[in-house]
Amino acid sequence: MDTETSTDKPLPNRPQEKMPALPKGSRIHKRPLPNAPFNLRQSSSSSQPVFDLDGYLMPPRAAHTVIIKVSSKAPFMSLVKRVRKALENGPQKTKGLPLTARIAAMEVEMKAKDSNMGPITDALDDVVLIGTGRAIQKTVEVGCFFTRDKNLLVIPRTRSLAAIDDIEMDDDEVDIEDGVRTRHVSCLEVGIRWA
């Protein structure tokens, strides 16, 4: 076997260039991850796809969607309670409405179930859990917890976020200026809605 020809092929997942080495006497200051573009929520009437800063095609979001950021140290039951509370206060809540409003809500539900749209194009979730890095495990655990409920639909989606780091020089005597660099972070979105 010829080992040289097998190594000449670039791997599909390998980045084009490595990050440059940090200059001596510098340190990295990580900025908070960019927020999801909440103002870019797509209504069902608009036909234009919505892209975020990384070129990721955002699934359509309803105006009532609650977005919960998951951290690796967040208590499990606290996240479950937050999701349940958001689901109870969501648009499916018809308790206390007059009879005509309840019937209208049921008709809207039936029309949504009759339309044969796929889970990605019809991702009008009531709650979206977003976890990055070490918090992906906790996000998966919370999503799996809600799969036991037959009335809920749980849809996981993966993506990557571009995070920005500041490079700060410790020494004031060095002539090198502070810089900025971009890294990519794995992200998991779990959409939960009423089935």
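User: How many salt bridges does a search of the whole structure find?
Analyst: The model is predicted, local features need pLDDT of at least 70, side-chain atom pairs count only at pLDDT 80 or more, and totals for chains, interfaces and linings use all residues. Residues are numbered from 1 along each chain as its sequence is written, and side-chain values use heavy atoms, with hydrogens and water left out. A salt bridge is a side-chain nitrogen of Lys or Arg within 4 Å of a carboxyl oxygen of Asp or Glu. The number found in the whole structure is 5.

User: How many helices and strands make up the secondary structure of the chain?
Analyst: Helices (H or I, at least four residues) and strands (E, at least two) are DSSP runs, numbered from the N terminus. From that end, the elements run α-β-β-β-β-α-α-β-α-β-β. The chain comes to 4 helices and 7 strands.

User: How many residues apart in sequence are the parts that Glu-168 and Arg-27 tie together?
Analyst: The side chains of Glu-168 and Arg-27 meet in a salt bridge, 3.3 Å from N to O. Glu-168 lies in strand β6 (residues 152–169) and Arg-27 in strand β1 (residues 26–30), so the parts tied together are apart in sequence by 141 residues.

User: Is Glu-189 buried or exposed, and what is its relative accessible area?
Analyst: Buried means under 20% relative accessible area, exposed over 50%, and partly exposed in between (1.4 Å probe, protein chains only). Glu-189 forms a salt bridge with Arg-159, with the closest N and O atoms 3.1 Å apart. This pair links strand β6, which holds Arg-159, to strand β7 (residues 179–194), which holds Glu-189. Arg-159 is buried at 10%, and Glu-189 is buried with a relative accessible area of 1%.

User: Which strands hold Arg-183 and Asp-165?
Analyst: Arg-183 and Asp-165 form a salt bridge at 2.8 Å, N to O. The two are 18 residues apart in sequence, and the pair ties together parts of the chain: Arg-183 lies in strand β7 and Asp-165 in strand β6.

User: Why is the pair of Phe-76 and Phe-145 edge-to-face?
Analyst: Rings of Phe, Tyr and Trp (its six-membered ring) pair if their centres lie within 6.5 Å; planes under 30 degrees apart count as stacked, over 60 as edge-to-face and the rest as tilted. The structure holds 2 aromatic pairs. The ring centres of Phe-76 and Phe-145 are 5.7 Å apart, and the pair is edge-to-face because the planes stand at 85 degrees.

User: Which residues form one aromatic cluster?
Analyst: Phe-76 is in helix α2 and Phe-145 in helix α4, 69 residues apart. Phe-145 also pairs edge-to-face with Phe-146, at 5.3 Å centre to centre and 90 degrees between the planes. The cluster is formed by Phe-76, Phe-145 and Phe-146.
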